[in-house]
Amino acid sequence: MSYKIAIITPINKRNYLADIILDGLLILKKEGQKLNFLISSNYHHYYPLSDYVAKRKEFINFAIKADLIFLIYCKDKNTDFSLAENINQWHKTIYIEDAEWGKDRRYNFEIQRATLEGSFDGRGAVDNKMINQCAAYFRREKPYLDGINPLPFAIQSYYANHWRPNLLKDIDFFCVFGQELYSPLRKHVKEILVKYCLKNNFNYWINRVPSDRFYQLLARSKVGVSVSGGGYDTVRFWEILA
């Protein structure tokens with residue numbers, strides 16, 4: 001059986017969960033799985049997706065006949081809800097959401113309690129309309145209320161582009177974060193790691209570098225350090241695992 005999947009990608013912005021899904025679909029096709037998919041916009045991506053981009057009218061016609069529709073949330077009003085409404089096939093629409101409260105608000109017990117009660121409506125809130133309207137709802141960030149399935153980040157194929165089986169592991173500890181304001185634990189961990197390495201004669205890398213250089217250095221490292229940022233799941237963990 002051949003499956004048709006329509007993916008409503010974010011508008012003008014990259015999204016990690018979108019990348020993971022698109023990467024996975026490309027891998028499935030490469031492995032010979034029978035599926036056909038289209039994406040709704042010229043999504044900013046790392047992958048060869050130009051052949052899968054459909055103009056709006058073509059995409060709507062494809063989505064109406066598709067087996068599944070993925071509607072991918074993106075913050076700052078970059079979710080294409082209007083396209084999903086035009087298609088109006090909610091019984092087969094899967095909502096993919098990676099909203100988070102931001103900064104250190106996940107430690108705010110009032111926000112957490114309101115989220116669990118279903119009354120919180122600020123940044124990072126669960127979309128109750130989508131829970132009731134869509135065939136399934138996947139969310140990266142805890143808590144997972146009734147009707148919500150967990151969908152963490154994952155290994156993406158390009159993470160391991162610089163890995164080689166005979167690569168010399170000449171860096172003992174790799175500890176680099178995108179930013180260190182949230183959570184402050186990141187900054188503290190880095191400070192403690194430097195003291196530990198100096199005391200015990202280990203070498204380390206803690207400086208931010210461009211992405212290609214980042215993956216080259218990570219591939220040469222024996223130990224990668226990951227600390228959660230604004231959310232429970234963080235990209236760094238999956239990059240290290242790759």
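This is a predicted model: local features need pLDDT of at least 70, side-chain atom pairs count only at pLDDT 80 or more; totals for chains, interfaces and linings use all residues.
Student: What does the chain come to in helices and strands?
Tutor: The protein chain has 8 helices and 9 strands. Its C-alpha trace spans about 65 × 45 × 30 Å along the principal axes. Of its 242 residues, 44% count as buried.

Student: What makes tyrosine 95 count as buried?
Tutor: Its relative accessibility is 1%. Buried means under 20%, so tyrosine 95 qualifies. Tyrosine 137 also has a relative accessible area of 1%, and is therefore buried.

Student: Why are tyrosine 95 and tyrosine 137 called an aromatic pair?
Tutor: The structure holds 14 aromatic pairs. In this one, the ring centres of tyrosine 95 and tyrosine 137 are 5.0 Å apart. The limit is 6.5 Å, so the two rings pair.

Student: Is that pair stacked or edge-to-face, and how do you know?
Tutor: The planes of tyrosine 95 and tyrosine 137 stand at 75 degrees. Over 60 counts as edge-to-face, so that is the term for this pair.

Student: Why does the pair tie together parts that are apart in sequence?
Tutor: Tyrosine 95 lies in strand β4 (residues 93-97) and tyrosine 137 in strand β5 (residues 136-139). The parts are 42 residues apart in sequence, so the pair ties them together.

Student: What makes phenylalanine 174 and phenylalanine 214 an edge-to-face pair?
Tutor: The centres lie 5.2 Å apart, with 75 degrees between the planes. The cut-offs are within 6.5 Å and over 60 degrees, so both conditions hold. This pair links distant parts of the chain: phenylalanine 174 is in strand β7 and phenylalanine 214 in helix α7, 40 residues apart.

Student: How do you know whether these two are buried or exposed?
Tutor: Phenylalanine 174 has 1% relative accessibility. Phenylalanine 214 has 6%. Buried means under 20%, so both count as buried. Phe174 and Phe214 also belong to one aromatic cluster with Tyr47, Tyr158, Tyr159 and Tyr215.

Student: Which other residues of helix α7 are buried, and what do the buried ones pack against?
Tutor: In α7 (residues 211-219), Tyr215, Leu217, Leu218 and Ala219 are buried along with Phe214. The buried residues of α7 pack against β7 (171-174), β8 (204-205), β9 (221-224) and α8 (235-241).

Student: Why is arginine 139 said to sit over the ring of tryptophan 101?
Tutor: The charged end of arginine 139 is 5.7 Å from the ring centre. The distance limit is 6 Å, and the charge must also be within 35 degrees of the ring normal. Arginine 139 counts as over the ring of tryptophan 101. Arginine 14 lies over the face of tyrosine 16, at 5.5 Å from the ring centre.

Methods. Residues are numbered from 1 along each chain as its sequence is written. Side-chain values use heavy atoms; hydrogens and water are left out. Buried means under 20% relative accessible area, exposed over 50%, partly exposed in between (1.4 Å probe, protein chains only). Helices (H or I, at least four residues) and strands (E, at least two) are DSSP runs, numbered from the N terminus. Contact means heavy atoms within 4.5 Å. Rings of Phe, Tyr and Trp (its six-membered ring) pair if their centres lie within 6.5 Å; planes under 30 degrees apart count as stacked, over 60 as edge-to-face and the rest as tilted.
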